[in-house]
Amino acid sequence: MTSDTDQSSLLGGKLSVINVGLDKFATELADHDVPVVHLDWKPPAGGDPELAALLSKMGT
Amino acid sequence: MEHTLNKVFQGFYKDSVALMRLSRDLAEMAGVNEAALMMGSPSNKQILKDAGLLADDGAAAEGGDLILAVRAIDASAAQNAANAIEPQIKSQTRTTTGDTVWQPQTIRAAAKANPDANLALISVPGEFAAAEARKAISRGLHVMMFSDNVSIEDEISLKTQALEQNVLMMGPDCGTAILEGVPLAFANNVTRGDVGIVGASGTGIQEVTSLISNNGGGISHAIGVGGRDLKDEIGGISTLMGIDRLDDDAETKHIVLISKPPGKDVLPRVMKRIKQSPKPFTVCFIGATDLNLPANATAARTLKDAAQTALGGKEFEEKISSNTSSLGGRTKIRGLYSGGTLAAETQVILLDAGLEVASNAAVPGAKNLTDDGDAHQIIDLGDDQFTQGRPHPMIDPEIRKEPLADALADNNVGVILIDIVIGYGAHPDLAGQLADMLSGMQGENDPIIIASVTGTEQDPQVRSSQISALQAAGIHVAGSNADAAIAALDMLGINS
């Protein structure tokens, strides 16, 4: 079990978000004064999903 | 002679909402018959092919390329339209917090630069979503995955990894969450309070949180888990972790669970976990019967019941006037829903009234739409058959147009039920858009339309403004989706 203030609990702490995808979600979070970083995301591995999955399993 | 033109932007990415807007602009240009802008994934190329929009250039595109596809009255009109839209495609949209200039390209870089980050919100195309989530979890981030079209194998693997790392994996296909009072993705601006929610249903969470907030209560946190979490294959991993979090949360005094009926192996595990909690629970497994609940839990048959129970059994009823005189012998209900769980709630209410119900997303006891006979039809417009290659009806309400025209023209249909789900993420004016859609369709002896508006006064669309716009268009508005379904029964002279 985690404590209420532990960062890992998610609840009871301050939300800070990495947004990966739809731009509007980042904008709406920023409007709520939530710290948010919006990734300049592009399909990884040249848009090859299988290669992207493999790379993610390798931790890259 | 009609001409199809494809232009490929290599290694160029735009998100699906931006592409929807651009596609619409392109389709409205002079001489254009049909148009789409899509990333060049195999599934998207198939959609373009089926629509007669794929030319040789597009067929050769890779998953990381953007395809502009346009079919126009002739080659010159197609080229002119493509040229006209290109500057918009290449223009940068506003991103993020305003004063941030540098944008990291990977989760690793973002997490390194922002050590306080604790949640990754992922809404990239489904085929890439699991890879991004895996990277986030391995860095100790909680994940909310809005993306759908993620395999059940990937979901099991991600949730197992999340359990090991002691982080929450909300999703895939998690449309709604409210954490620390912050609405995430498709959620509503609700009052903070002491009711915590764990839900495998986005619109279910939206309806219950909004009803609680609109009737004097408040929400501590609402944790979405994705629609499949309580299937036996997944084992309810995120639901059980969500209950743990809310159990530990001092602000949460009452916990509400919302889902379709769980798998038979998962159900006893959830019941056991509820029993271990010192907090009272409301359990709304829509369509489930004979739940053997522990003493600290109360069953709710509908979303409205769940909200009322969470507020100590407070009744919030908003009856609307019924007028059966204009139905002209038409006896059927047709539901046209953007929210799958709202469609399920209506099915349950109709079934409980002893009616025959058919749906493309049938709850236990309802028939499949294909063999409906003359049953009442409840249609989930968010289902894959309607959303293949296009956004969800809460973003793109045009999906409702054709089924609405069909329902209005059907002499058996006496009442049409419609859900308007507002809040963050949703279309800015669903009620106005519906009113515009109807103005070109309605005749003299049309069915009665009853709607409900899921959301709050604090939402960007403002609930009361949406209600006024609906009423101005001659639409009856009920206080909740359940009330709308009950009003439909009243208008047809059926006792609920």
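User: How many Å separate the centres of domain 3 of chain B and domain 4 of chain B?
Analyst: This is a predicted model, where local features need pLDDT of at least 70, side-chain atom pairs count only at pLDDT 80 or more, and totals for chains, interfaces and linings use all residues. Residues are numbered from 1 along each chain as its sequence is written, chains are lettered from A in the order in which they are written, and side-chain values use heavy atoms, with hydrogens and water left out. Domain 3 spans 179–316 and domain 4 spans 325–491 in chain B, with bounds from an automatic or database domain assignment. Taken over C-alpha atoms, their centres lie apart by 25 Å.

User: What area do domain 3 of chain B and domain 4 of chain B bury between them?
Analyst: Buried area is the accessible area (1.4 Å probe) that two parts lose on being put together, summed over both. Of the area here, 58% is on carbon and sulfur atoms. The total for domain 3 and domain 4 of chain B is about 2,000 Å².

User: Which residues in domain 3 of chain B lose the most area to domain 4 of chain B?
Analyst: Three residues together make up 29% of what the domain 3 side buries. They are Phe186(B), Asn189(B) and Thr203(B).

User: Which side chain does Arg301(B) meet in a salt bridge?
Analyst: A salt bridge here is a side-chain nitrogen of Lys or Arg within 4 Å of a carboxyl oxygen of Asp or Glu. The rule finds 2 across the interface of domain 3 and domain 4 of chain B. For Arg301(B), at 2.8 Å, N to O, the partner is Asp352(B).
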